[in-house]
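Student: Before we start, could you show me the model and its sequence, and then take me through how its features are read?

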Amino acid sequence: MATKRRWLIVAFALAVSSLAATVAAPGPVRADRLDDETRSIAKELRCPVCAGETVADSNAELSVQMRGIIRQKLEAGESRDEIIDFFVARYGDQVLASPPPRGFTLGVWLAPIFVVLGGLALVYGVLRGWLVRRAGEPPPPDPPWARALPPPDEERLERELARFRRETARE
Amino acid sequence: MVVLGQVVLVGTCGVAILGLVLALRGARRDGLVATTAARNSVFGLAGLLTVASVTLVTAFLRHDFAVRYVAEHSNRDMPLALVGAAFYSGLEGSLLYWSWTLSLLSASAVWSLWRNRTGIARALLPYFMAALLAVQSFFTFLLAFVARPFVRFPGPIPADGQGLNPLLRDWGMLIHPPMLLAGYMSWTVPFAFAIAALASGRVDNEWLPLVRKWALIAWAVLGVGNLLGAWWAYHVLGWGGYWGWDPVENSAIMPWLAGTAFIHSIQVQERRGTLKLWNMGLIILTFALSIFGTFVVRSGILTSVHSFAQSTIGPYYFAFLSVVLLGSVTLLFWRMPALRAQRELESLVSRESAFLLNNLFFLALTFAIFWGTIFPLISEAVQGLKVSVGAPYFQRVNGPLLLTLVALMGVGPLLPWRRATGRQLRAAFVLPLAAAALVSSVMFAFGLRDPAAVVGVFVCLFTLATIVEEFVRGARARRASTGEGFIAALWALTRRNGRRYGGYIIHLGIVGMALAVLGSQLYHLERQVTLAPGQAVAVGRYVVQFQGRREFVEADRKVDEAVLVVSENGAAVGELRPTKSVYRGFEAQATTSVAIRTSAREDLYVVLNGWDSKSASFLIVVNPLVVWLWIGGAIVVGGTVLSLWPRPTTRSVRVTGQQPAGVVAYGD
């Protein structure tokens with residue numbers, strides 16, 4: 001009986017706290033979904049008249065207009081890609097906040113990947129070179145400090161270490 | 001003032017070049033006299049540059065508009081502290097600041113090396129001074145002849161100055177630029193140590209204990225400089241974030257990343273005697289990136305929000321950078337035979353591998369940032385089209401790399417050197433993995449669904465757990481042998497092994513910052529709204545109601561302030577007052593002051609964007625966990641101080657009893 005009640009309490013507590021967490025968890029407010037979508041598209045576009053700001057962050061008149069256009073197009077049911085293509089057709093590839101992964105500008109995306117892959121190969125090669133023991137060789141004997149001491153020595157070592165720590169800790 | 005300053009600066013250039021010649025002469029076998037003279041010129045340089053800097057600051061404080069630099073960067077209405085800070089707000093002044101702080105740091109490094117009586121310190125000293133003075137010769141040459149801070153105002157002396165760019169009129173101006181410039185500058189000292197080691201041929205591990213302290217200081221100063229920049233951007237630029245992947249920000253983070261790789265990989269050399277060549281390469285790279293950073297911020301070759309100081313000194317920097325790289329690489333090749341590594345490793349799973357992967361990912365990150373930063377230039381040169389490489393690229397590429405580094409931060413310190421056995425791995429990792437899995441699945445159950453967030457949180461928790469495990473394990477072991485209380489054992493452990501546990505504390509701070517980045521990037525919530533007085537908007541758990549707007553004049557600026565009442569979960573919690581100001585003389589450029597309500601959980605961030613007679617428009621952002629970025633930064637600084645703090649002296653204890661016959665010498 002008692003265990004059953006305990007389980008009920010736990011289950012109740014879990015239910016309450018998960019409910020509280022769902023209510024409190026940050027997440028998009030449904031009524032504003034278009035705002036979020038507008039913003040997320042605006043982040044992919046560079047403000048054509050500013051120094052290095054995106055349409056989402058800039059307050060230049062042109063950016064404000066562009067945000068308005070994005071919102072209108074979303075309300076008209078256009079997709080994210082259609083809207084971005086619309087701006088690319090109008091301003092060229094330069095309007096994209098990051099270069100498109102095609103043609104010449106594919107290089108900007110690929111180079112870091114190649115660097116990581118090449119680096120991994122290099123690290124593997126270096127480590128293989130450092131290996132004392134290659135595959136198939138027997139393991140080397142333990143170095144002297146890794147071998148177990150004869151029991152009386154071990155005991156004495158522990159005793160002295162404990163005393164050393166005691167005395168140094170007292171300072 | 002103008003004449004005094006100019007004469008002193010020409011003098012410093014002379015002293016730097018003379019000192020350089022003396023230091024090189026001092027490197028010969030009978031060079032003690034010349035070495036002493038070179039040391040004195042390092043000190044003299046510090047004195048002269050201090051006089052020049054004091055002269056410039058005095059000219060600012062006295063509003064001496066006969067000095068063109070003063071007239072162009074300050075006016076009578078600015079608060080006194082900002083007038084003083086205008087010292088480093090332009091090109092010429094910031095170069096003087098760079099050179100001056102370097103001269104002070106050089107003087108203290110040379111002083112400590114001079115008092116160090118070891119053979120290695122004696123051997124390095126002349127070359128060390130030569131490298132420092134060579135860098136100083138370049139900067140003092142620029143100051144004396146190219147970018148002169150002391151030039152008379154052309155025409156009649158104006159009654160008032162032009163004032164500082166409004167964006168810079170903030171308290172952040174007192175701390176961010178000096179810290180960042182000092183961070184760039186500080187890497188000169190570790191670089192000079194490396195050059196000295198190469199030139200003198202003492203490339204074994206002896207120079208590492210000397211350089212370690214200076215590398216950590218440079219690392220911490222540059223890191224804090226970057227973080228202060230993030231903080232400034234967050235509360236002044238008003239776009240809701242703290243890092244925009246702007247070219248100047250990128251240039252400031254690159255030397256820090258390469259430097260982080262360096263302070264990790266020198267540990268491999270200290271412990272295992274390998275990676276000598278690699279470490280030399282890393283510190284040269286770090287210094288070159290520091291110079292590149294100073295060059296980018298000062299030349300305006302890349303479009304940036306930091307374009308406050310542009311000039312024609314680009315070619316000089318480019319020449320200097322080329323000389324630095326060519327010279328260092330030549331030295332490196334010359335010493336190549338001495339830099340061969342000794343190699344011993346028994347398993348691919350070991351501390352060494354973790355360090356190499358750490359280096360790989362830090363450098364891959366540096367490369368990705370460098371590549372994205374200069375790609376617009378490459379594109380323009382190759383296909384004649386200026387493309388933009390912005391935040392989406394950097395976030396997508398760097399996010400996974402950063403997360404990998406956080407994971408390595410948990411794995412690496414727990415792996416033993418040489419080889420790890422399966423048993424050791426289980427003992428070290430089962431508990432942290434289980435803890436991280438448990439907590440992240442509870443969070444998943446409570447609504448954490450974004451895959452990136454789940455992976456990120458899991459990795460951060462795992463690393464956090466490994467660090468906690470290390471502290472607990474160490475404190476327990478100490479407690480068992482000394483009988484101290486747990487807290488006392490923890491404290492003594494940290495205090496006595498400052499280097500190791502200071503490092504763990506730094507890692508702890510980094511985990512905090514990683515969580516802050518995850519939270520604020522993935523759960524960032526924002527609304528752009530236009531409100532009439534009395535209207536309210538709901539953002540997340542908050543309801544923000546616009547009360548009204550008022551205008552007032554303060555010193556040399558007109559301020560527009562909006563008053564908003566905030567309630568959280570239905571309960572009123574206070575007011576927020578974002579403002580926009582327009583400074584006299586800069587009517588076209590309004591500056592923003594963001595109103596932020598901070599809690600451990602999230603920031604409510606409100607920007608006043610604009611208004612008309614009926615309404616005002618706002619950017620309202622809920623930024624989760626941002627405060628942990630600043631707290632994490634403070635923890636990192638604390639850990640650095642701890643690992644630099646001298647160890648308490650240890651006392652030797654006499655061993656009792658007889659030594660048994662047939663003693664084995666235990667040792668590596």
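**Reading the features**

Tutor: Leaving aside neighbours within four places in sequence, Trp207(B) is in contact with Ile120(B), Leu124(B), Phe193(B), Ala194(B), Ala197(B), Arg202(B), Phe262(B), Gln269(B) and Met280(B), where contact means heavy atoms within 4.5 Å. This is a predicted model, in which local features need pLDDT of at least 70 and side-chain atom pairs count only at pLDDT 80 or more, while totals for chains, interfaces and linings use all residues. Residues are numbered from 1 along each chain as its sequence is written, chains are lettered from A and ligands numbered from 1 in the order in which they are written, and side-chain values use heavy atoms, with hydrogens and water left out.

Student: Which residues have the most contacts inside the largest nonpolar core?

Tutor: In soluble globular proteins, nonpolar side chains tend to be buried together. A nonpolar core here is a set of buried Ala, Val, Leu, Ile, Met, Phe, Trp, Tyr and Cys residues joined through side-chain atoms within 4.5 Å, and buried means under 20% relative accessible area, exposed over 50%, and partly exposed in between (1.4 Å probe, protein chains only). The largest such core has 170 residues, and Phe128(B), Phe193(B) and Trp207(B) are those with the most contacts inside it. Helix H9 (residues 207–237) of chain B gives the most to this core, with 17 residues; helices (H or I, at least four residues) and strands (E, at least two) are DSSP runs, numbered from the N terminus. Apart from this core lies another, of 20 residues, among them Tyr542(B), Leu608(B), Phe618(B) and Val622(B).

Student: Which residues form a nonpolar patch on the surface?

Tutor: Accessible areas come from the Shrake-Rupley method with a 1.4 Å probe, and for residues only the protein chains shown count as cover. In this model, Leu106(A), Leu110(A), Ile113(A), Phe114(A), Leu117(A) and Leu120(A) form such a patch, with about 530 Å² of accessible area together. Leu120(A) is found in helix H5 (residues 106–130) of chain A, and it counts as partly exposed because its relative accessibility is 36%.

Student: How many helices and strands are there in chain A?

Tutor: Chain A has six helices and zero strands, and buried residues make up 26% of its 171 residues.

Student: Where does Leu275(B) lie, and is Asn569(B) buried or exposed?

Tutor: Leu275(B) sits in the loop between helix H10 (247–272) and helix H11 (276–299) of chain B, has a positive phi of about 70 degrees although it is not a glycine, and is buried, with a relative accessible area of 11%. Asn569(B), in the loop between strand S4 (557–568) and strand S5 (571–576) of chain B, has a positive phi near 50 degrees and is exposed, with a relative accessible area of 59%.

Student: How many bridges join S4(B) to S6(B)?

Tutor: Two strands pair if DSSP finds at least two bridges between them. Five bridges join S4(B) to S6(B), which run antiparallel, and Val582(B) in S6(B) is the bridge partner of Lys558(B). Strand S6 (residues 579–583) of chain B is mostly covered, with four of its five residues buried.

Technical notes. Patches are made of residues with over 30% relative accessible area and no salt bridge: like charges are joined within 9 Å, nonpolar side chains (Val, Leu, Ile, Met, Phe, Trp, Tyr) within 5 Å. A salt bridge is a side-chain nitrogen of Lys or Arg within 4 Å of a carboxyl oxygen of Asp or Glu.
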